[in-house]
Amino acid sequence: MYQDTPAKPKRITGAKTDSVATQAPAPSINYTVSMSKPWTHLLEVEMHVKWNRMPDKTELKMPVWTPGSYLVREYARHVQDFAVKDGSGRALTWQKSNKNTWQIDTKGVKEIVATYRVYSNELTVRTNELNDEHGFWNNAALLMFPAGQLGAPSTVTVVPFAKWKVATSLPQVSDANTFRAPNFDVLYDSPFEVSDFKEISFDVHGKKHRYIMSGEGNYDLKKLAEDTAKIVDEAYKIFGELPYEDYTFIVNLRGGGGLEHLNSTALQWNRFGFAPESRYHGFLSLVAHEYFHAWNVKRIRPDALGPFDYENENYTKLLWVAEGGTAYYESLLLRRAGLITDKELLESRASTIEQLQNRPGRFETSLEEASFDAWIKYYRQDENSVNNQISYYDKGEVVNMMLDVTIRTASNGAKSLDDVMRYLYNEFYKKNRNYTPADFQKAAELAAGRSLDDFFSKYVRGEAEIDYNGIVNGIGLQLAATEPDKAKAYIGADFTEENGRLNIRTVSANTPAYEQGLNTGDQIVAIDGYRASNTFLQSYLAERKPGDTVKLTVFRFDKLRDVTFKLGANMRADYSFKPVAQPSDDQRRLYRDYMKTELVK
């Protein structure tokens, strides 16, 4: 398809295009999406393709993944009842030529009408759901494309069930429920919500924004709009403009997570997760994360991420910037907007560092490797992942913080990671280029005013332990690690309790559990003959000391067994940020510039 080669087609720029022009006359492509019986979970698609010169055989293809979620998901597996006719209603011959391709004999016809249904009963931000309450879908998981025509425009007409309303970020055409996309990159980047949703609109810097809320919950639409406007304004201050004409937040009040799009985002949150304040801040963090993607990844694009190949993996080593950098900025935007305190931000960062430091996989996988292998690892975590992998989100967030502080210190406060993001936005997005790992390092070095090869070699391309205090001391902070309470008895496994069953979730390397053969998935039934729960287990261990022996009764593969277990010593430290003992004027100034408040104990 559209590969990044010297011969690739010229891009078209604009608020809602950002894609590739077709080189041959494009066909006319029109879709109708219906939902006559939503309780069956079947979305009904009718696809019209008109061509002045139809090839002898036409291929219709279904994407296998959707941008922003780096896993081949095989959307074609949900397609059923495929049929195709010509413009006069005569049935055409077709066959499947591979897992996601329908090959149609089209010699001598000028129009084909394909119909099919897609089973849609999975509510995630990257899939489809239709039931008697709503319809939500991603076009990459629903609409086929003619082979070789990703640059072609199309329209989508929605026939909603009953009196449901339709929401999407695509612009309307003359019909109220008909929307137009200039190409498939934009079409596949524009999810739909069809339901009896609530909405609110608000303007920021002359651009319209709106919330689409599907479901009941304890949210306050007015407060959401007011606080989100503050987040939008802080992003505006970084880049100096809003790169879209309008922006839509689609929120389904079940589940959790988010997926970024060019001028919208799909979010999921617990319907009663807007109070207390800590949970509300969690939602705002999700909003800030997905919204910042409007710049970082949707426009500031890593080498392989756009134009997209929708049939194969699109490999990049830069997800630690695209996702980890966005995770870093989500809390910065909230802090700059006055929605959280500097203490809350630093507590969150310290918690992320603590998780990283307790993960043996940090010595096994670099950020670039974790990014590249996202397609086979990140979405397929297993019991050994904690020991041989890191998350490009979590470590990416930490390393982006360390990079930001490094730039601020090296430039004596003249530059920051904001300058790196602006540079990439102006020099790459605005010049219709994607950036490479070398481009990102160069941008960081330009801001810092010196080489950062040692930083990138150790922390991005390598697996070295991060010199936290050597970096954060520059802004008057130190990362304090409490001495582990080695007198505390320790099993060394992480547990999860559900429906009265206490199961081992993960076993980290070099722990007593790892060395003595406890397994992920083991159900701990009893300890020394007493029924085990997480609460009882912790209280029971509190009365023991390292070196004591206990009997664990375990279900493994539905077989009951007793395990004689020697308790170890707790080796896990707690982490927190604290001011250095006597911060200098420069340290205080750099902290104030960074956190927008004074450095205080």
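Phenylalanine 557 is placed in the loop that connects strand E28 (549–556) with strand E29 (559–566), where helices (H or I, at least four residues) and strands (E, at least two) are DSSP runs numbered from the N terminus. The structure is a predicted model, in which local features need pLDDT of at least 70 and side-chain atom pairs count only at pLDDT 80 or more, whereas totals for chains, interfaces and linings use all residues. Residues are numbered from 1 along each chain as its sequence is written, and side-chain values use heavy atoms, with hydrogens and water left out.

Phi of phenylalanine 557 is near 55°, a positive value in a residue other than glycine, and aspartate 558, which is in the loop between E28 and E29, likewise has a positive phi, of about 65°, although it is not a glycine.

Two cis peptide bonds may be described in turn. The bond from alanine 275 to proline 276 is cis, with omega near 0°, and proline 276 lies in the loop between strand E21 (264–268) and helix H3 (277–292). Glycine 306 and proline 307 are also joined by a cis peptide bond, for which omega is about -10°, and proline 307 belongs to the loop between H3 and helix H4 (319–322).

Taken as a whole, the protein chain has 16 helices and 31 strands. Along its principal axes the C-alpha trace spans about 80 × 65 × 45 Å. The radius of gyration of the protein chain is 27 Å, which agrees with the value near 25 Å that a compact globule of 601 residues would have; this radius is taken over C-alpha atoms, and the globule rule is 2.2 Å times the number of residues to the power 0.38. Of the 601 residues, 55% count as buried. Among contacts with a separation of 6 or more, 68% are accounted for by residues 24 or more positions apart, a contact being defined by heavy atoms within 4.5 Å.

Isoleucine 238, in helix H2 (residues 221–239), counts as buried at 2% relative accessibility. When its neighbours within four places in sequence are left aside, isoleucine 238 is in contact with Phe292, Tyr329, Leu333, Arg336, Asp418 and Arg422. The C-alpha atoms of isoleucine 238 and histidine 205, which are 33 residues apart in sequence, are 14 Å apart in space.

Alanine 337, in the loop between helix H5 (324–336) and H6, is buried, with a relative accessible area of 16%. Apart from neighbours within four places in sequence, alanine 337 is in contact with Lys230, Ile231 and Glu234; for glutamate 234, which is 103 residues away along the chain, the C-alpha separation from alanine 337 is 6.4 Å.

Asparagine 469, found in helix H13 (residues 468–472), counts as partly exposed at 28% relative accessibility. Residues up to four places away in sequence not being counted, asparagine 469 touches Gln478 and Leu479. Between asparagine 469 and phenylalanine 249, 220 residues apart along the chain, the C-alpha atoms are separated by 39 Å.

The second largest pocket holds about 370 Å³ of space. Of the 17 residues that line this pocket, the closest to its centre are Lys343, Leu346, Glu347, Phe577 and Lys578. The elements that give two or more residues to the lining are helix H6 (342–357) and strand E31 (575–579), and H6 gives the most, with seven residues. By class, the lining has nine nonpolar, two polar and six charged residues, where Ala, Val, Leu, Ile, Met, Phe, Trp, Tyr, Cys and Pro count as nonpolar, Asp, Glu, Lys and Arg as charged, and the others, Gly among them, as polar. On a 1 Å grid over the protein atoms alone, a pocket is an open set of points where a 1.4 Å probe fits, with protein on both sides within 12 Å along at least five of seven lines, and lining residues have an atom within 4 Å of a point; grid points are joined across faces, edges and corners, and a volume is the space filled by probe spheres set on the points.

Methods: Buried means under 20% relative accessible area, exposed over 50%, partly exposed in between (1.4 Å probe, protein chains only).
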